[in-house]
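The sequence and structure are shown first.

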Amino acid sequence: MVLAFILPLLLILAIDISFSAGIQGFDTEIAFTRFANATLTAYTLCSLVLLGNLFFYGESRNRPLAPLVGMFCATILGIAATIFFIDQGPMLLEDNGSVRAQAIYNIVHMLVSAGAVLVAIGISLGVTFSAITSQKQRSNFTYEEE
Amino acid sequence: MNIRPFHIGMDEMYQALLLFWIPVSVMPLGLWIFLSSSDSKSKTFGKVLAFVGFTMVCLSPWTAPSSPSSAAGHLLGAIIGPIVLILIGLYLVSFSGNVPVGKLPRSDRRLGVLMILTGFIWLVGMHWWILTPQLAKDDVNPYWYVFWPTVLILTASLSSFSAIALLTIGVERRKESNSLFMLSGLSFLLLLLGLNVDGPLITAELFREHLWLAVADLAGLLVGSLLSILVFAIVIFVYERNLPPPLTIHAPSKEELQQVADVVSIHIGGEQE
């Protein structure tokens with residue numbers, strides 16, 4: 001099933017490699033910068049969401065402080081790592097002039113990517129569900145004839 | 001759709017904060033209030049909040065033109081039509097089929113298919129026709145390059161995954177899995193077309209470049225999210241492990257066991273018929 005998931009990507013790679021000398025239009029440096037920015041931003045934003053989740057998880061347990069502090073530290077670590085690495089220079093700085101501009105760009109970029117992911121999931125799930133419900137009704141039991 | 005901003009005498013940073021970032025945060029807040037509230041007043045408040053946030057984000061290219069982030073609001077306004085058409089269409093097709101509850105009339109099926117086709121053609125027209133989201137004349141919204149390849153590659157992958165999952169886990173689901181293979185094939189075909197056929201504003205070369213960036217983005221999104229979930233699990237695990245063990249009570253004495261046996265024996269049996 002994992003192979004089925006990455007199959008379209010592998011096919012495109014295979015076609016690209018077969019018809020041209022290598023992977024056309026693929027710049028390792030730019031792709032790595034994008035990957036690193038996406039990783040840091042996804043980690044930070046996801047940690048923020050989970051921090052909120054933890055707040056409600058604690059409601060049933062007299063809201064303990066320890067896990068909240070732990071998750072808060074993990075989130076701060078993500079923010080600090082993002083700022084630190086962007087501040088290092090061109091490694092994570094894309095077409096933006098400052099750390100703040102790059103950080104804001106990363107967040108908006110992540111929101112757009114996450115929106116695209118949600119749309120793709122919605123379409124795939126919707127088509128799966130409609131394909132299942134459009135078939136004839138099936139019985140859950142096989143009746144034995146007496 | 002070209003942008004002609006109107007200017008209000010406000011600092012650019014505050015303008016972006018007030019007219020883009022606060023509405024962006026208000027949208028999930030409104031949704032959360034709507035979903036988690038039990039009384040109708042709060043639900044209405046949540047709905048209104050989410051709607052106001054959504055409208056302000058869509059209007060941000062006009063209200064906060066100095067902020068580059070407002071291009072995301074412009075994209076949202078451009079894609080909301082086809083996406084809503086496709087999703088409502090899928091809903092109509094799904095619930096006009098064999099469902100035990102909430103069944104819609106059979107005629108809704110045709111309407112659903114029509115809506116899906118319209119939404120799909122609209123999206124394809126954004127790449128290969130004049131419908132491309134543009135911030136100014138011939139200036140394509142940069143976030144369209146993020147959105148479109150991501151949707152195509154992930155739809156191809158997810159539907160291929162679902163098709164194999166249906167074949168492996170499901171019983172006699174060949175027809176359904178064929179539909180999913182078709183969706184995967186269609187998305188894949190669009191990807192190949194994008195890589196080889198230029199649109200009026202988007203060249204194949206540019207699409208190719210952004211496809212690989214979309215793959216890098218998806219990989220980063222996956223790794224980052226998994227990392228944060230792992231940290232979350234570790235935090236919970238460490239906290240739960242450090243909790244003192246719950247208080248235990250002594251084992252019942254012989255007298256207590258006898259008393260329980262007496263009570264049980266009274267209730268076992270029943271009247272003879």
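What percentage of the 146 residues in chain A is made up of buried residues? Buried residues account for 30% of them; a residue is buried if 20 or more other C-beta atoms lie within 10 Å of its own, exposed if 12 or fewer, and partly exposed in between, with C-beta atoms placed from the backbone.

## Basis and confidence

This is a predicted model, in which local features need pLDDT of at least 70 and side-chain atom pairs count only at pLDDT 80 or more, while totals for chains, interfaces and linings use all residues. Residues are numbered from 1 along each chain as its sequence is written, and chains are lettered from A and ligands numbered from 1 in the order in which they are written.

The model scores ipTM 0.83 and pTM 0.80. Chain A has an average pLDDT (the predictor's confidence in each residue, from 0 to 100) of 81, and 86% of its residues score at least 70. For chain B the average is 85, with 95% of the residues at 70 or above. Where pLDDT is low, the predicted coordinates should not be read in detail.

## Chain A

Chain A contains four helices and zero strands, in the order α-α-α-α along the sequence. Helices (H or I, at least four residues) and strands (E, at least two) are DSSP runs, numbered from the N terminus.

Of the contacts in chain A with a separation of 6 or more, 48% join residues 24 or more positions apart; two residues are in contact if their C-beta atoms, placed from the backbone, lie within 7 Å.

## Chain B

Chain B is divided into domain 1 (1–67), domain 2 (74–140) and domain 3 (143–241), with bounds from an automatic or database domain assignment. The centres of domain 1 and domain 2 of chain B, taken over C-alpha atoms, are 24 Å apart.

Helix α6 of chain B (residues 174–196) includes Arg174(B), and Asn178(B) lies in this helix as well. Arg174(B) is exposed because 10 other C-beta atoms lie within 10 Å, whereas Asn178(B), with 14, is partly exposed. Between the C-alpha atoms of Arg174(B) and His267(B) there are 54 Å, over 93 residues of sequence.

Helix α8 of chain B (residues 254–267) has 14 residues and should span 20 Å at 1.5 Å a residue, which agrees with the 20 Å between its end C-alpha atoms; the expected span is 1.5 Å times one less than the number of residues. Gly269(B), which follows α8(B), has a positive phi near 115°.

## Interface and core

The chains meet through 59 residues of chain B in contact with 56 residues of chain A. On the side of chain B that touches chain A, α3 (70–95), α5 (144–169), α6 and α7 (204–241) each supply at least two residues. α7(B) gives the most, with 21 residues. By class, this side has 36 nonpolar, 17 polar and six charged residues; Ala, Val, Leu, Ile, Met, Phe, Trp, Tyr, Cys and Pro count as nonpolar, Asp, Glu, Lys and Arg as charged, and the others, Gly among them, as polar.

A nonpolar core is a set of buried Ala, Val, Leu, Ile, Met, Phe, Trp, Tyr and Cys residues joined through C-beta atoms within 7 Å. The largest such core has 79 residues, and those touching the most other members include Val112(A), Leu75(B) and Val151(B). α5(B) contributes the largest share of this core, 14 residues. Not counting residues up to four places away in sequence, Val151(B) touches Ala116(A), Val119(A) and Ala120(A).
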